[in-house]
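Please load the model in a viewer and keep a selection panel at hand. The stops below proceed from the whole chain to individual residues.

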Amino acid sequence: MDKLCKFTDEELVKKYSAGDNSAFDTLLSRYQQKLYSYILFQVHDRDVADDIFQETFVKAIVTIRQGRYVESGRFSAWLTRIAHNMIIDKFRQERSNNVVSNDAGDLDLFNNASLSDITIEMKMITEQSLCDVKRLLAELPENQREVIVMRFYRNLSFKEIAEATGVSINTALGRMRYGILNLRRMVNERDIVLEVY
């Protein structure tokens, strides 16, 4: 396995896809600590983190074995995205499994808008707000728009953004700051109300 350490992630994925199981062992040892720490930080429960960690690598194995992995030079970000989606699924599942009785307290839970599912009106307002944001984003300078999209839509770290765009982390942070300031200015100038439920 030591000789495999010199290979890039993409080369290891290709080797594993071709049947070299030790290549995946190298990938696992390369990212297991970082990925596990990320999951544990999000869920705050070691048992849940263990389950999600294992499910993440199982999904990665299945995807690679089925030939559905798309090489993007970002294996670590891809793994993190799988884990992130699994964490969201876990929280959704827990939320849907919670059953609440209205008889348990003085507060009327069933007539509390903040505890209910979103209405069609709320959904329409959210969709309009997201359209407004998309339209405003299109008006930003390209370098500011690029950083905001990478950060908020692709969930990349500033280090990853800096690498992808070929600038320093400070430059990426600056572009983000100016992009957000420009968005706020446009929202204020046009009296746009943004609400997302």
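What percentage of the 197 residues in the protein chain do buried residues make up? Buried residues, those under 20% relative accessible area with a 1.4 Å probe and protein chains only, make up 28%. This is a predicted model, in which local features need pLDDT of at least 70, side-chain atom pairs count only at pLDDT 80 or more, and totals for chains, interfaces and linings use all residues. Residues are numbered from 1 along each chain as its sequence is written, and side-chain values use heavy atoms, with hydrogens and water left out.

Colour next by secondary structure: the protein chain has eight helices and zero strands. Helices here are DSSP runs of H or I with at least four residues, strands runs of E with at least two, numbered from the N terminus.

Now select Leu27, Ile39, Val43, Ile52, Ile64 and Phe75, which touch the most other members of the largest nonpolar core, a set of 26 residues. Such a core joins buried Ala, Val, Leu, Ile, Met, Phe, Trp, Tyr and Cys residues through side-chain atoms within 4.5 Å. Helices α1 (9-17), α2 (21-43), α3 (46-65) and α4 (75-97) each give two or more residues to this core, and α2 gives the most, with eight.

Centre on Ile52. Beyond its neighbours within four places in sequence, Ile52 is in contact (heavy atoms within 4.5 Å) with Ile39, Val43, Ala83, Met86, Ile87 and Lys90. Apart from this core lies another, of 16 residues, including Ala77, Leu137, Leu156 and Ile161.

Finally, select α7 (residues 158-165), where Phe158, Glu160, Ile161 and Ala162 are buried. Just after α7, Gly166 adopts a positive phi of about 75 degrees.

Note on methods: Buried < 20%, exposed > 50% of the residue type's maximum accessible area, 1.4 Å probe, protein only.
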